[in-house]
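This report describes selected secondary-structure contacts in one model. It takes strand pairing and helix packing in turn.

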Amino acid sequence: MKRYEEVAATIRQRMEHGLYRAGDRLPSIRELCGEFAVSISTVQTAYAGLEAERLIEARPKSGYYVLPRSAPPVLPGVTRPTQRPLDVSQWDHVLNLVGEPGAEHVISLGRGIPDVEAKTLKPLFQQLAALHRRGHAAGLKYDSLAGSPQLREQLARLASSSGCLLHPDDILITTGCQEALSIAIRTLTVPGDVVAVDSPSFYGSMQILKAHQLKAMEIPTDPQTGISLEALELALEQWPIKAIQITPTHNNPLGYTMPEARKRELVALAQRFDVAIIEDDIYGDLAYRAPRPRTLKSFDDDGRVLLCSSFSKTLIPSLRVGWIAPGRYRDQVMHMKYVSTGASATLPQLAVADFIGQGHYERHLRNVVRQYQRNLDVVLGWVQALFPLGTGVSYPQGGFLLWVEVKGLDSVRLNERLAASGIQIAPGSLFSASGKYRDCLRINYTQASSPMYDALVTVSREIALMQAEQAAEAV
């Protein structure tokens, strides 16, 4: 795509998904020049194209405005409620996705990996190298079980941006968010218990349920507002649910962010039924708009929310630096941490604490968030241009994952066919206890490059071939 086409695609997608509504004044030409680092003529050409499509209009001495449109955007559908708690399956497919690092020639469209080549990560790499060179004394011993005091102090400071008032002693460092989720689930349950989850749900947390012989109660989830509180309330009345596990902010994989009012209602519902909430906030800092959304934990006044996160999605996964704020369950969580891994690795904690303390973390977030937001609009344009008419697509307000629904598609079979072309997707069935969402797939848009466009062209071609084969078999 030419630069003016990319700018036009961005504005078009923002209008289609409600960021710019009918009657809204669009950003000025100079504002867009700054956002996209392009010339005035490039933005003028982009706006002229949108005018020709009758999407916007120019008003003398006022600017550009959005015109009303009749066709609403196509979003993924909301699933029907599950009748009963289910045993989790899909391990073989999860292992196929995460078991081995992808070969260099494989284009992995489905992995939840951030941009690890961002230039703003350089101070972090320098700090890690310096700590290793010096043989930092603290890094050669076991750290405290709770984790580095320096890092916990920085985390407590960062938590204020999400509305949380945490003391460093309220936080325990873990080996990634996966360990934090596992510890939280094991703290609250015993084999045979039921855990309510949003649906679709992160396959990593689903596999924790499987490993500990727990059942998942999948709750219908809206692609814009999140888990159905009405369906959750009904499930709480009917089943002995021990915990609610949810990713309410920049959800993986559906992309939704629960409105603040619904987050309050969810915490109140948990209080009424005396149920704990495990909140996965791993994508929370990657908000496209300021201020970043509040966590469920920020509305928790009796310690029932266990807040879990890590730097695997904001910095680099290999750090394996996560954390949990367990509230009233701190003592049990501390014991679970001890029997799981003991103390976490010290040097990565010190490097991250220094990275945050020197202001590099905020600068890095600003950089990658702008990149991911631009990429989202570009990749949405590609998907809508290449994929079949009526394809449902999420519109995240943060993070870097896209949920795509193609009615009638078998995404597991599609993934198998794409292997010959060196392409890997994340089939939607991974994100359900019972293998639902087979007609969906998850796409990572940290890069909006020519290789990714070519990969999506191949994906769309395979989808078209599969649809043609299905039509031929039906005759």
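Two strands count as paired if DSSP finds at least two bridges between them. The model is a predicted one. In it, strand S9 (residues 241–246) pairs with S10 in the parallel sense over four bridges. Ile244 has Ile277 in S10 as its bridge partner.

Strand S10 (residues 276–280) has five of its five residues buried, so the rest of the structure largely encloses it. Burial applies to both faces of S10: Ala276, Ile278 and Asp280 lie on one side, Ile277 and Glu279 on the other.

An open sheet is formed by four strands in the order S13-S14-S17-S16, with antiparallel pairing. Its edges are strand S13 (392–393) and strand S16 (426–427); each has a single partner strand, so one side of each lacks a neighbour in the sheet. Strands S14 and S17 are joined by five bridges, and Leu402 has Ile443 in S17 as its bridge partner.

| Strand pair | Sense | Bridges |
|---|---|---|
| S9 (residues 241–246) and S10 | parallel | four bridges |
| S14 (residues 401–405) and S17 (residues 440–444) | antiparallel | five bridges |

Helix H13 (residues 360–386) packs against helix H15 (residues 450–474) at an angle of about 25°, and the axes are 10 Å apart. Angles under 35 degrees count as roughly parallel, and H13 and H15 are therefore roughly parallel to each other. Their crossing is right-handed. H13 contributes Val379, Trp382, Val383 and Leu386 to the contact, and H15 contributes Met452, Tyr453, Leu456, Val457 and Ser460. By class, this contact of H13 with H15 comprises eight nonpolar residues, one polar residue and no charged residues.

Conventions. Residues numbered from 1 in each chain as written. Predicted model: local features only at pLDDT ≥ 70, side-chain atom pairs only at ≥ 80, totals over all residues. Heavy atoms only, no water. Axes fitted to C-alpha atoms, helices over the stretch in contact; angles between N-to-C directions. Helix = DSSP H or I, 4+ residues; strand = E, 2+ residues; numbered from the N terminus. Parallel < 35°, antiparallel > 145°, perpendicular 65-115°, else oblique. Left-handed = near helix turned anticlockwise from the far one by under 90°. Contact = heavy atoms within 4.5 Å. Nonpolar A, V, L, I, M, F, W, Y, C, P; charged D, E, K, R; others polar. Buried < 20%, exposed > 50% of the residue type's maximum accessible area, 1.4 Å probe, protein only.
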